[in-house]
Amino acid sequence: MPESLPTAIEVLRDRMVTLVNDELCPLEDQLPEDPRAPIPPELIQQVRERSREAGMWSLTQPVEFGGTAAGPLAQTALREALAAGHLRLARYVFGPGPGMLASAEGQLKEHYLDPVLRGEKRGSFAFTEASGEKAGKPTWATWDGDDLLVTGHKSYVTGGATADYYAALVNVEAAEGSSQPAGPAMLIIDRETDGVTIDREFHSLEGGSHVELSFDGARVPAWHVIGTVGEGMPRALGNIGHERLAVAAQTTGLGVWAVDFIDQHIQQPHRSGQRLADREGIRLRYADIRIAAYAARSVLYRTARLVEEDEEAAINEVMAAKVFCTEQAGFIVDQAVQLASGGALVEGHPLERAYREVRSARFTGGASDILRLNIARGRIEFDAGQV
Ligand SMILES: Cc1cc2nc3c(=O)[nH]c(=O)nc-3n(C[C@H](O)[C@H](O)[C@H](O)COP(=O)(O)OP(=O)(O)OC[C@H]3O[C@@H](n4cnc5c(N)ncnc54)[C@H](O)[C@@H]3O)c2cc1C
């Protein structure tokens, strides 16, 4: 195996593969045939129970919050192995992490962080500002006594229709003659707050559900600021390296799944009387996707090791891995669709879902070109990053 993992991580990964094959695949078979039908809550519950029994549920949760915190290399191996099963139920395997609330204390911890970790509350991340008609001043807030009044638009808030709260990046404006702090801040804003409106609910290609939000003088108490006013951007981006490495692992796993799928597909009998695998042109395409999967895995595991050594020092490499792995997985799945042909485009076919899922990964956690610009900037302006 190119990743040469320590034995303890190999053991964990084998446990994940067993969970996928022996427990989750039979549950996946019970999903409604209609791919648009919602996933029955009792199946989700069963996935969570099986995951807990296998010791997977708490592995993405830090020890200080009652989790069993696997390190970045172990999490990478687990996410990749889970994604290589290409199951719709995969998203329910890991328990919720603290995310941006990791350093929350006092009331913020009691009212948000603790219920999130118990699975009783769920938040959405409201970062992306509106373009088009609603483009304008980025979402801002003004002080009113000890409260903040928030105004603006956020255009792409995943899970926002059912979230209990939004973790939103806002710019707190300085008031003349006031000593109250100003600058970017991450704020927790309850969905039910007066002045918070869901303008539109929409669904994206990979099946995600999102909302567009408006804030119209929404009143938020000062204790809802995560950290302090002024440190909003590092707070907002603090967790993004984890998300990027996770996306790289998931898409690499999906690429591995697609290679395996094609491996079997081209060796099946074909109407021409000759297996597709016996044609040289097919072998060339097949070799290309194997090379892409090999390269993606090599990048993924080298990067996970760098993060394991020193997360801060590996920011540029994580961006490189996110761009590379998502783009290679996109190539693999596209070629796999080509080799499997028309059947792969039929709604409900596993490659049809893979094709939709892999496309959105080039935006989530940062659009590929923005990350490219950051990698170049890191080298040219900060002398950071390695090849
Ligand atoms: C499935 C999905 C889930 C998402 N979930 C969330 C969420 O929960 N919360 C949230 O806040 N956001 C979310 N987003 C939004 C996502 O973060 C943004 O789509 C992404 O950051 C890009 O921003 P944008 O769509 O405004 O595109 P833009 O920033 O307008 O970019 C458009 C295009 O122009 C390119 N571009 C932009 N600037 C430059 C430049 N300076 N030089 C060269 N090229 C440039 C970009 O690479 C891109 O290709 C989600 C997106 C997707 C697809």
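Q: Into which domains is the protein divided?
A: Domain 1 (7-92), domain 2 (123-226) and domain 3 (237-382). The bounds come from an automatic or database domain assignment. This is a predicted model: local features need pLDDT of at least 70, side-chain atom pairs count only at pLDDT 80 or more, and totals for chains, interfaces and linings use all residues. Residues are numbered from 1 along each chain as its sequence is written.

Q: How many residues are in the largest nonpolar core, and which have the most contacts inside it?
A: It has 67 residues; Leu 78, Ala 258, Leu 300, Ala 321, Val 333, Ala 336 and Leu 351 have the most contacts. A nonpolar core is a set of buried Ala, Val, Leu, Ile, Met, Phe, Trp, Tyr and Cys residues joined through C-beta atoms within 7 Å. Buried means 20 or more other C-beta atoms within 10 Å of the residue's own, all placed from the backbone.

Q: Which helix gives the most to this core?
A: α8, with 14 residues. Helices are DSSP runs (H or I, at least four residues), numbered from the N terminus.

Q: Which residues is Val 333 in contact with, leaving aside its neighbours within four places in sequence?
A: Leu 254, Gly 255, Ala 258, Leu 351, Ala 354, Tyr 355 and Val 358. Contact means C-beta atoms, placed from the backbone, within 7 Å.

Methods
Buried ≥ 20, exposed ≤ 12 C-beta atoms within 10 Å, placed from the backbone. Helix = DSSP H or I, 4+ residues; strand = E, 2+ residues; numbered from the N terminus. Contact = placed C-beta atoms within 7 Å.
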